[in-house]
Amino acid sequence: MSPAADIWASLPVPALLIDADDRILEINAAAEGFLNVSAKSVVGVPIWDQVNVDSPLEEAFARARTYETPLFVNDVDVGGGQRAPLQCALQIAPLQGAPGQMIMLISPRELAGRITQHDSVKSAAKSAIGMAEMLAHEIKNPLAGITGAAQLLSMSLSKDDLELTDLIVEESRRIVKLLEQVEQFGNLSPPDFREVNIHDVLDRARRSALLGFGANMKIIEDYDPSLPMAQGDPDQLLQVVLNLLKNASEAAGNDGGTIRLHSYFEHSFRLRRADGTGRSLPLQVEIIDDGPGLPEAIKADVFDPFVSGRENGTGLGLALVSKIISDHGGSISVTSVPGKTVFRLSLARAPKQTKPKKEV
């Protein structure tokens, strides 16, 4: 392999080489994953038939070729193949030494945002664990004493005064219940990793939701049937999906709404750790609802503990979800506008099992 070919294959962003007639000459591995196509299948295909951009670029592209100048386009939705559009930046330039040929680089904005968001999610999860240990030891035991004292006082009080002791007991029990939820952060066992069919997890969560909190919702399955097995703990992943479905159902209110469970494979998504190593997280699961969206005030902190958009919400559900996904080495992100909120989980695929050699 020549140095130029090595560089082409190593580019971390989708790259396409285009001939003088606006047909694709070659794409790199990242572009194969982004467009969900093979390199051989798109050779000779008109570029604008394969790469869908929500802004007319043909004239600007032709001028860049004619005058041999680069073209930069920011914040446009780019899609292609079987994947939904993503907000991207495009960098287009003439290929030196090859008249008429152009190179196009596609930089998905979303992937950078998801990596940044993942770091804050891990930090929030660690904070939640420390808070759980402190609250459990410092608050829960005194509350039991307060509840007991209120119950003893109630035995010698008039009927009118009983309302006050009943309020003390009721509110103390509510706080204890809240603390028990917080304790889940510290008590949650490490994931029991195994091969998991993520569609089985989604189906179990869907059926459970429709029989309970999501009875007023319409839940649509939009799965990639070729998705490989994930590596994870099926029970903990079920808890994650149930929490996200419950949030979407509660946000919709009594009028109900639609939730779409969408799965797909994204070959190009890798998560880089603080130590410089990277991990591929190609399995994508999206929980998409058509509710009112997240309040602007909490969008940036939605995975932090005790941050909630509901009046009586504890703000613990999403913090627990973030901890579980972090323990799985995965990534969780959210994008939200009125009418469309998308929680996206990125998970690792299960290692390929090597077949034992047959004895001769």
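Reader: How many helices and strands does the chain have?
Author: The chain has eleven helices and 15 strands; helices (H or I, at least four residues) and strands (E, at least two) are DSSP runs, numbered from the N terminus. The model is predicted: local features need pLDDT of at least 70, side-chain atom pairs count only at pLDDT 80 or more, and totals for chains, interfaces and linings use all residues. Residues are numbered from 1 along each chain as its sequence is written, and side-chain values use heavy atoms, with hydrogens and water left out.

Reader: In what order do the five strands of the open sheet come?
Author: The order is β8-β10-β13-β15-β14, with mixed pairing; two strands pair if DSSP finds at least two bridges between them. At the edges are β8 (217–222) and β14 (331–337), each of which pairs on one side only. From one strand to the next, the twist averages 15 degrees. Axes are lines fitted to C-alpha atoms, for helices over the stretch in contact, and angles run from 0 to 180 degrees between N-to-C directions.

Reader: How many bridges join β8 to β10?
Author: Six bridges join β8 to β10 (residues 257–265), and the two run parallel. D222 stands opposite H262 in β10.

Reader: And which strands does α9 touch?
Author: Helix α9 (residues 198–211) packs on the sheet and touches β8, β10, β13 (283–289) and β15 (340–347); contact means heavy atoms within 4.5 Å. The direction of α9 makes about 170 degrees with that of β8.

Reader: At what angle do α9 and α10 cross?
Author: Their axes cross at roughly 45 degrees and come within 9 Å, α10 being residues 234–252. That angle makes α9 oblique to α10, since angles under 35 degrees count as roughly parallel, over 145 as roughly antiparallel, 65 to 115 as roughly perpendicular and the rest as oblique.

Reader: Which residues of α9 meet α10?
Author: Among them are I198, V201 and L202, while L237, L238 and V241 are included on the α10 side.

Reader: How do β14 and β15 pair?
Author: They pair in the antiparallel sense over seven bridges, and V337 stands opposite K340 in β15. The two strands form a hairpin with two residues between them, and G339 in the turn has a positive phi of about 95 degrees.
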